[in-house]
Amino acid sequence: MEQINDIQVVPCTSSNYLKPFRVHYSQNGTKKSWDFMRTHDSVSVLIFNTTSHCFVLVKQFRPAVYMCEWERTQPKAPESAEQAAEEKEWAAAAAPETPRGETAATVGGGETSQPPGSVGMTYELCAGLVDKADLSLEEIARQEVLEECGYDVPVAKLRRITSYRSGVGVTGAKQTMFYAEVSDENCVGEGGGEPQEGELIEVVKVPLHEAMTFAYDESIPKTMGVIFSFIWFHNNMSPKYKISTNV
């Protein structure tokens, strides 16, 4: 899962998942502009296994996280030289294997070394895009729990926690978060996502008594949804189970 090789970065000329725009507007008499991405809304699910008293998360490779970490470790060139290099790179002739005349920038070449795949692995809530117009948010969430984590949860058992905007500086898409209690009896498969959609997901269990330590451990790459949902559980559900979440 962490064997990441043959990385190439090419211009994104079209995508089914995001579209870049620039908006021009006037605010209090001052003309402004802002670049943003149009993306799908999404759902996420905090899953708690009542049999083993643990949270069920997913772990997967995120190229955006990986590339940010890789770029962070690279030497910083002077701005003028950096801009010139970038212009030269994207103006160069395309490699034969690069489609549509796109220029590929290879990561890990030259004197720089490629970071391990582990730097791009993140722990997240089970989640998915809202891209099925004929399904409710609850139905989409149920499908994601089954596909990614292997639990069959009735829609009626999904509790809506809240919704919020994510990435407001770039996308502004809305994510709706749910809570689902499962037991070992609800487990009908191994999960792991849909391989035909390019998903490669590892199901991870975090014991309840270790949850808050996990949430605040900065050495463990995770989404804000994980941290927020663990705090929500501590405030709303822990009294029900009379169990300390180790805060």
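Analyst: Happy to. E148 is buried (under 20% relative accessible area, with exposed over 50% and partly exposed in between, 1.4 Å probe, protein chains only) and yet has no salt bridge. The nearest side chain of opposite charge, R62, is 6.7 Å away, where Lys and Arg count as positive and Asp and Glu as negative, leaving out His and the chain ends. A salt bridge here requires a side-chain nitrogen of Lys or Arg within 4 Å of a carboxyl oxygen of Asp or Glu.

This is a predicted model, in which local features need pLDDT of at least 70 and side-chain atom pairs 80 or more, while totals for chains, interfaces and linings use all residues. Residues are numbered from 1 along each chain as its sequence is written, and side-chain values use heavy atoms, without hydrogens or water.

E148 sits in helix α3 (residues 137–149); helices are DSSP runs of H or I with at least four residues, strands are E runs of at least two, and both are numbered from the N terminus. Setting aside residues up to four places away in sequence, E148 touches V58, C126, A127, G191, G192, G193, E199, I201 and V203, contact meaning heavy atoms within 4.5 Å.

Elsewhere, charges do pair: the count comes to 6 salt bridges. One of them joins E2 and K59, with the closest N and O atoms 3.6 Å apart. E2 lies in the segment before β1 (8–9) and K59 in strand β5 (residues 54–61), so this pair ties together parts 57 residues apart in sequence. E2 is partly exposed at 37% relative accessibility, whereas K59 is buried at 12%.
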